Amino acid sequence: MQPTEDYLTVALPKGKLFGLAADLFAQIGYTAEGLSDKSRKLIISNDAKRIRFIVAKTADVPTYVEYGAADLGVIGKDVLVESRKDVYELLDLGFGKCHVMMAVPRTQKRARLADYAHTRVATKFPHIAEQFFSQYGMQMEYIKMNGSIELGPIVGLSESIVDIVETGTTLRENNLEEIAYIMDATARLIANRVSFKLKFDRINTMVQDLRQVLAAQANA
């Protein structure tokens, strides 16, 4: 369904970012009855506020926004960079903080990062990983995985992983150790380039309202 001219359509990712994003929008007066990532309805509207929310799979949010099916979206910086979609990044929302890193089995650590050249990397983020290793002139073999990345080295699929980490608990439980930091990642508000021009006033007002809420939270 294409967004109508007088509505703002926002794509929200299912999972841990959904509730945080929905709560943040509610604080500036944008919500909709039944808005939940467990909802069977995939498009949930508030006609009074002229806003519509799309409940989307995380990896699809940048696609919805790039192609204009959504005017705005909330997505983690890691997914945004990996997707390489042509969108505007408007605001760092601050939540969902994690970082992308390289980890290896604790018992198989090598002396230098360069010693892993020409080995296999299991990752959900092959583009981010390739960009990182290219900085060091390292050619690697990238094995794209969608879940349980930690299994890669354990079952002999790869020598290392590139993945996101929050607390490091999963790494420790699987005897993996972080050896290289790649990038920080938090939730970002993104916009379709055409929508940003055509609906600038509404989008800019929303961004300013969000900035005020985030600043208040930071000072609380």
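**Entry 1**

I began with an open sheet, in which five strands run in the order 8-7-9-6-10 with mixed pairing. The model I am reading is a predicted one. I looked for the edges and found strand 8 (141-144) and strand 10 (176-185) there; each has a single partner strand, so one side of each has no neighbour in the sheet.

In which sense do strand 7 and strand 8 pair? I noted the parallel sense, over four bridges, with strand 7 covering residues 120-123. At this pairing I found Arg120 opposite Glu141 in strand 8.

Next I turned to the nonpolar residues. In soluble globular proteins, nonpolar side chains tend to be buried together. The largest nonpolar core here has 32 residues, and I noted Phe25 and Leu189 as those touching the most other members. I then listed the elements that give two or more residues to this core: strand 1 (8-13), helix 1 (16-27), strand 3 (51-56), strand 4 (72-76), strand 5 (88-92), strand 11 (187-191) and helix 8 (200-219).

Which residues is Phe25 in contact with, leaving aside its neighbours within four places in sequence? I wrote down Val10, Leu12, Tyr30, Phe53, Val74, Leu189, Met206 and Leu210. There is also a second, separate core of 16 residues, and I found Val104, Val121, Ile128 and Met140 among them.

**Entry 1: Gly147**

I looked up Gly147 and found it in the loop between strand 8 and helix 5 (151-154).

**Entry 2: the largest pocket**

Last, I looked for empty space. Rolling a probe the size of a water molecule over the atoms shows where such space is left. The largest pocket has a volume of about 390 Å³. It is lined by 21 residues, and I noted Thr58, Asp78, Val79, Phe125 and Ile164 as the closest to its centre.

Which element gives the largest share of the lining of the largest pocket? I found helix 3, with four residues. Helix 3 spans 77-83, and helix 1 also supplies at least two residues of this lining.

Conventions. Residues are numbered from 1 along each chain as its sequence is written. This is a predicted model: local features need pLDDT of at least 70, side-chain atom pairs count only at pLDDT 80 or more; totals for chains, interfaces and linings use all residues. Side-chain values use heavy atoms; hydrogens and water are left out. Two strands pair if DSSP finds at least two bridges between them. A nonpolar core is a set of buried Ala, Val, Leu, Ile, Met, Phe, Trp, Tyr and Cys residues joined through side-chain atoms within 4.5 Å. Buried means under 20% relative accessible area, exposed over 50%, partly exposed in between (1.4 Å probe, protein chains only). Contact means heavy atoms within 4.5 Å. On a 1 Å grid over the protein atoms alone, a cavity is a set of points where a 1.4 Å probe fits but cannot get out, and a pocket is an open set with protein on both sides within 12 Å along at least five of seven lines; lining residues have an atom within 4 Å of a point. Grid points are joined across faces, edges and corners, and a volume is the space filled by probe spheres set on the points.
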